[in-house]
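Good morning, and thank you for joining this group meeting.

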Amino acid sequence: MLTYPNIDPIALSLGPLQIHWYGLMYLIGFVAAWLLGRWRAARPGSGWTREMVDDLIFYGVIGTIAGGRLGYMLFYGWDNLVANPLNLLRVWEGGMSFHGGLIGVMLAFWLFGRRYKLGFFRVADFAAPLVPLGLLAGRIGNFINGELWGHRTDVPWGMSLPCWRFPEQCRDLPAGADWSLPVHASQLYEAALEGLVLFLILWFFSSRPRPTMAVSGLFLMGYGLFRFGVEFVRLPDAHIGYLAFDWLTMGQVLTLPMVLGGAVLLALAYGRRSA
């Protein structure tokens, strides 16, 4: 059994200014994507310049933050948005939807492609291997924030949480309990699968010439399958719960089109090449 390290979500306080780990994790993800993107652009025959990568990351940052936050409030926090529209701006408290961020990033890629007269999928294929780094950092930010826990478990790597910080995890325990029963640290599962593993798969797959849309299709399929699987051990949002069958979550419903879309893109990419 592991115990939660209880990291303070606030990394640094400078008077009234507070810098949260959650925001820093996104910054780390964007910087890592920028550095690797510039390295890949410098390779002979890439067709990209470092200045183009700089602009691409800028477009991606705007699309990720705006789309991710808006998507979260629409998909998971509609009641909070209606109660106070300013909750949309409280990004430092956590609450970013990957699916909303994906829509925002797709729009940003389209605008970037128009500016540089590139096809949408040429932009997406170049950027797709860089995205999992941001997912990895973002899920670590979720872990530090203490959100998105999984079901209770008896596996050796289950994690106990301090009751003073997570009282909802200890409601059915005797009064005075210090630690919860072990739960799945589903944020770390997602960081490993959607972040590290998916990055390695896409990085090596895209290191050789591939038909247009193939890298984008593999990204959609890989993320979709990993996210769909982790949802089985991750608790659904309390105000939404399971949508059907006592196991189907909103995350799985939003992820299924990604898996199907990725399969279609791969089939089209390799079908056109064969033709």
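Predicted model: local features only at pLDDT ≥ 70, side-chain atom pairs only at ≥ 80, totals over all residues.

By class, the second largest pocket is lined by 6 nonpolar, 5 polar and 6 charged residues. Here Ala, Val, Leu, Ile, Met, Phe, Trp, Tyr, Cys and Pro count as nonpolar, Asp, Glu, Lys and Arg as charged, and the others, Gly among them, as polar. Residues are numbered from 1 along each chain as its sequence is written, and side-chain values use heavy atoms, with hydrogens and water left out.

A pocket, on a 1 Å grid over the protein atoms alone, is an open set of points with protein on both sides within 12 Å along at least five of seven lines; a cavity is a set where a 1.4 Å probe fits but cannot get out, and lining residues have an atom within 4 Å of a point. Grid points are joined across faces, edges and corners, and a volume is the space filled by probe spheres set on the points.

The second largest pocket holds about 470 Å³ of space. Of its 17 lining residues, Arg40, Ser46, Phe126, Ser206 and Pro209 lie nearest the centre. Helix α5 (residues 120-127) supplies the largest share of this lining, 3 residues. Helices (H or I, at least four residues) and strands (E, at least two) are DSSP runs, numbered from the N terminus.

I turn to the cavity. The count comes to 1 cavity of 30 Å³ or more, and the largest cavity has about 70 Å³ of space. Its lining has 5 nonpolar, 3 polar and 4 charged residues, among them Tyr76, Arg227, Glu231 and Met250.

Which residues have the most contacts inside the largest nonpolar core? They are Trp48, Leu56, Phe109, Phe112, Val123 and Phe126, in a core of 21 residues. Such a core is a set of buried Ala, Val, Leu, Ile, Met, Phe, Trp, Tyr and Cys residues joined through side-chain atoms within 4.5 Å, where buried means under 20% relative accessible area, with a 1.4 Å probe and protein chains only. Helix α2 gives the most to this core, with 5 residues.

Finally, Asn145 is found in helix α6 (residues 131-145). Asn145 counts as buried because its relative accessibility is 16%.

Definitions and conventions: Buried < 20%, exposed > 50% of the residue type's maximum accessible area, 1.4 Å probe, protein only.
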